[in-house]
Number of protein chains: 2
Amino acid sequence: MEYGSDEYFMKAALQEAHMAAAKGEIPVGAVIVGAGRIIARTHNLTETLNDVTAHAEMQAITCAAEAMGGKYLNDCTLYVTLEPCQMCAGALYWAQISRVVWGADDLRRGYRAMGASLHPKTTTTSGILAGECQAIIDDFFKKLR
Amino acid sequence: MEYGSDEYFMKAALQEAHMAAAKGEIPVGAVIVGAGRIIARTHNLTETLNDVTAHAEMQAITCAAEAMGGKYLNDCTLYVTLEPCQMCAGALYWAQISRVVWGADDLRRGYRAMGASLHPKTTTTSGILAGECQAIIDDFFKKLR
């Protein structure tokens, strides 16, 4: 896997998803890349923090803005293991992020199914390591039952 | 103005909006009411915190969950001076809040114009002190020019 490829950065997001799973969180991980380097690494913490707003993407946006010294993420790419929900799409919209890359589609609660929108300037790529990204979620729910 | 009326709580949200304006923030304020009492009072802090996720509603959801000791806001009402955006609507969706009350409509970036959704169990009321809620925003942008 080549350094700097979409698969490379999605692997980093998957590592974060595994950290979420180990805490009993729905396993979703994210990284944000700016100028070729990872500037934020986060995972879902909604149970740990008792806070519905603590999705991986939301935390990544806050961290990346801190790293960039500005709230706009015009030259950044978000990698996230699961398609963002409407809340996260809304935050990515305000951040005017350049590009969003996700692994598994979320056909029920993903932003597309819910009708929400990314910024018109934002490009998207889906399906990167989708099998692995979906498997970690499926495993998590299988163990819950 | 009767204690506990929608106008009463919207006045409290308007006080928060004025605090935002005094900091140079787009003046939007919010309160969340649970069991008849205000459990969160917040205002927009996106400039102060350099963080697009720091809308009044997002902070209010986090504070109210802390006050309630749980992440669901099933028996709570959010009062916000401006119609929520898709990010905030998405967060309110996950919180399964009972009721959302806003003052001024946001015809450009409000969740309805953007196509986002509140939870099917959430009821809404709009137009409470709408004139005052809109005026504080109009004044803010007039001074900027």
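This is a predicted model: local features need pLDDT of at least 70, side-chain atom pairs count only at pLDDT 80 or more; totals for chains, interfaces and linings use all residues.
User: How many residues of helix α3 of chain A are buried?

Analyst: Buried means under 20% relative accessible area, exposed over 50%, and partly exposed in between, with a 1.4 Å probe and protein chains only. Among the buried residues of α3(A) are Met87(A), Leu92(A) and Tyr93(A). Helix α3 (residues 86-95) is largely enclosed by the rest of the structure, because the buried count is nine of the 10.

User: Moving past the helix, is Ser98(A) buried, partly exposed or exposed?

Analyst: Ser98(A) sits in the loop between α3 and β4 of chain A. Its contacts (heavy atoms within 4.5 Å) include Leu73(A), Asp75(A) and Thr122(A), with residues up to four places away in sequence not counted. With a relative accessible area of 23%, Ser98(A) is partly exposed.

User: In what order do the five strands of chain A lie in the sheet?

Analyst: Two strands pair if DSSP finds at least two bridges between them. The sheet is open and its pairing mixed. Strands β2 (37-43) and β5 (123-126) of chain A each pair on one side only, as edge strands. Across the sheet, the order is β2-β1-β3-β4-β5.

User: Which residue of β3(A) is the bridge partner of Ile32(A)?

Analyst: Strands β1 (residues 29-34) and β3 (residues 76-82) of chain A run antiparallel and are joined over five bridges. In β3(A), the partner of Ile32(A) is Leu78(A).

User: What angle does the direction of helix α5 of chain A make with that of β4(A)?

Analyst: Axes are lines fitted to C-alpha atoms, for helices over the stretch in contact, and angles run from 0 to 180 degrees between N-to-C directions. Helix α5 (residues 130-144) packs on the sheet, where it touches β3 and β4 (99-104) of chain A. The angle with β4(A) is about 60°.

User: What is the radius of gyration of chain A?

Analyst: Chain A has five helices and five strands. The radius is taken over C-alpha atoms, and the globule rule is 2.2 Å times the number of residues to the power 0.38. That rule gives 15 Å for 145 residues, so chain A is as compact as a globular protein of that length, with a radius of gyration of 14 Å.

User: Which C-alpha of chain A is nearest the axis that relates the two chains?

Analyst: Copies are superposed by least squares on the C-alpha atoms of residues with pLDDT of at least 70 in both. Chain A can be laid on chain B with an RMSD of 0.0 Å by a turn of 180° and a shift of 0.0 Å along the axis. That is the relation of a two-fold axis. At 2.0 Å from the axis, the nearest C-alpha is that of Met87(A).

Definitions and conventions:
Residues are numbered from 1 along each chain as its sequence is written. Chains are lettered from A and ligands numbered from 1 in the order in which they are written. Side-chain values use heavy atoms; hydrogens and water are left out. Helices (H or I, at least four residues) and strands (E, at least two) are DSSP runs, numbered from the N terminus.
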